[in-house]
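Here are a few friendly notes to read alongside the structure. Please keep the 3D view open and find each spot as you go.

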Amino acid sequence: MATALVRSGLLRTALRGGARGPAAPKRNFASSAHHDDAYETAKWEKITYLGIATCTGLAIYNLSKGHPHHEEQPAYPYLHIRNKEFPWGMCLPSI
């Protein structure tokens, strides 16, 4: 029973990180280059809102200009030649 208590004590110490040698130097990755993350986040949030406002403004401007209307072509009689009746009858729209 005494050995179980010692083993559990050693296990607890090892899990807590106690009784270690000198700490190894910590690796720094590219994402942790000591930049202020809050500043970068705020900057990109402002850029996003500015982009949304710009795109919305351009869309409103382009849609408000309208589009050119062309003259309708005259209804030439040869464009709708019907030489034969359809099996279900003539279904021409009345113009």
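1. Let's begin at Gly66, which follows helix α2 and has a positive phi, near 85°. Do keep in mind as you look at this residue that the model is predicted.

2. Now step back to α2 itself, which covers residues 37-64. This helix has 28 residues, and the distance from its first C-alpha to its last is 41 Å. At 1.5 Å a residue, 40 Å would be expected, so the value for α2 is close to that.

3. Searching the whole structure turns up one salt bridge. Glu40 and Lys43 are about one helical turn from each other because they sit three residues apart in α2.

4. The class called buried applies under 20% relative accessible area.

5. Next, move along to the segment after α2, where you will find Leu79. Together with Tyr76, Tyr78 and Ile81, Leu79 forms a nonpolar patch on the surface. The accessible area of these residues together is about 450 Å².

6. Finally, consider the chain as a whole. What percentage of its 95 residues count as buried? The figure is 0%. The chain exposes about 9900 Å², and 63% of this area is supplied by carbon and sulfur atoms.

Terms used
Residues are numbered from 1 along each chain as its sequence is written. This is a predicted model: local features need pLDDT of at least 70, side-chain atom pairs count only at pLDDT 80 or more; totals for chains, interfaces and linings use all residues. Side-chain values use heavy atoms; hydrogens and water are left out. Patches are made of residues with over 30% relative accessible area and no salt bridge: like charges are joined within 9 Å, nonpolar side chains (Val, Leu, Ile, Met, Phe, Trp, Tyr) within 5 Å. Accessible areas come from the Shrake-Rupley method with a 1.4 Å probe; for residues, only the protein chains shown count as cover. A salt bridge is a side-chain nitrogen of Lys or Arg within 4 Å of a carboxyl oxygen of Asp or Glu. Helices (H or I, at least four residues) and strands (E, at least two) are DSSP runs, numbered from the N terminus. Buried means under 20% relative accessible area, exposed over 50%, partly exposed in between (1.4 Å probe, protein chains only).
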